[in-house]
Amino acid sequence: ASVYVDGKFQGWHAGGYDAFSFDVTSVLAQSSSKNATHELLVGVFDPTGPWPHGKQSRSAVTKPGGITYTCTSGIWQTVWLESVSQAYISDIFNAPSFPDKSVSITVTPSGLPSNADVAISVSVSVVDSDGAIRMLNGSAGTAGEAIVVHIPDDLVRPWTPDSPELYNI
């Protein structure tokens, strides 16, 4: 995908379904009015090359049928502009540990000066078996460092086929 704002190239992304973003602040700031109209253009090119493409194939174009489908490509999700603060969270990664009854949460901020010393604290809300929300706090840490949140025994519910419990974070 190639992304343009007001006719100015912002960047490109090669890949399948993973999300991507660009900071377009400098282009939008060139407007003389806060109520200006802007154009966001996302162009897609898919040559259906040698990489895996499931049941799609070039032969489906000339002889559709069987287990091949007509090649498809394009934008399959909504495209939008989103305003974020100058400093914002660009990624949150969590790694559960069932044996330790804990989850490690790593927060990655963006838009900070390179020499910024940022303290991060994490609170996790967990719904118990009665439907009540319980807040769990992790120790404070720094940006990019895993913060461990311990889960009390009464809130640990392992997933099994008979009890397919999933956690919302």
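A residue is called buried when its relative accessible area is under 20%. In this predicted model, Thr106 has a relative accessibility of 18% and therefore counts as buried. Thr106 belongs to strand S5. Beyond its neighbours within four places in sequence, Thr106 is in contact with Asp91, Ile92 and Phe93, and also with Gly144, Glu145 and Ala146.

Ser102 is likewise a residue of strand S5. Its relative accessible area is 8%, so Ser102 is buried. When residues up to four places away in sequence are set aside, Ser102 touches Ala95, Pro96 and Ser97, together with Val148, Val149, His150 and Ile151.

## The second largest pocket

Ser102 also has a place in the description of the second largest pocket: with Pro96, Val103, Ile151 and Tyr167, Ser102 lies nearest the pocket centre. The lining comprises 21 residues, and the space within the pocket amounts to about 390 Å³. Two of these central residues, Pro96 and Ile151, are also among the residues that Ser102 touches.

Which elements give two or more residues to the lining of this second largest pocket? They are strand S4 (88-97), strand S5 (102-110) and strand S7 (123-127). By residue class, the lining of the second largest pocket divides into 13 nonpolar residues, five polar residues and three charged residues.

## The three-stranded sheet

Three strands form an open sheet in the order S2-S1-S3, and their pairing is antiparallel. Strand S2 (8-12) and strand S3 (40-43) are the edge strands, each of them pairing on one side only. From one strand to the next, the twist averages 20°.

Strand S1, which covers residues 2-5, is joined to S3 by four bridges in the antiparallel sense. Within this part of the sheet, Ser2 stands opposite Gly43 of S3.

## Loops and positive phi values

Where does Asp6 lie? Asp6 is in the loop between S1 and S2. Although Asp6 is not a glycine, its phi is positive, at about 50°. The relative accessible area of Asp6 is 30%, and Asp6 is therefore partly exposed.

A positive phi is also found at Lys101, where the value is near 50° in a residue other than glycine. Lys101 is placed in the loop between S4 and S5. With a relative accessible area of 34%, Lys101 is classed as partly exposed.

Asp117 is located in the loop between S5 and strand S6 (119-120). Is Asp117 buried or exposed? Exposure requires a relative accessible area over 50%; Asp117 has a relative accessibility of 72%, and so counts as exposed.

Asp117 and Ala143 are 26 residues apart along the chain, and 8.1 Å separates their C-alpha atoms.

Technical notes. Residues numbered from 1 in each chain as written. Predicted model: local features only at pLDDT ≥ 70, side-chain atom pairs only at ≥ 80, totals over all residues. Heavy atoms only, no water. Pairing = 2+ DSSP bridges. Axes fitted to C-alpha atoms, helices over the stretch in contact; angles between N-to-C directions. 1 Å grid on protein atoms, 1.4 Å probe; cavity = no way out; pocket = protein on both sides within 12 Å on 5 of 7 lines; lining within 4 Å. Points joined across faces, edges and corners; volume = space filled by probe spheres on them. Nonpolar A, V, L, I, M, F, W, Y, C, P; charged D, E, K, R; others polar. Buried < 20%, exposed > 50% of the residue type's maximum accessible area, 1.4 Å probe, protein only. Contact = heavy atoms within 4.5 Å.
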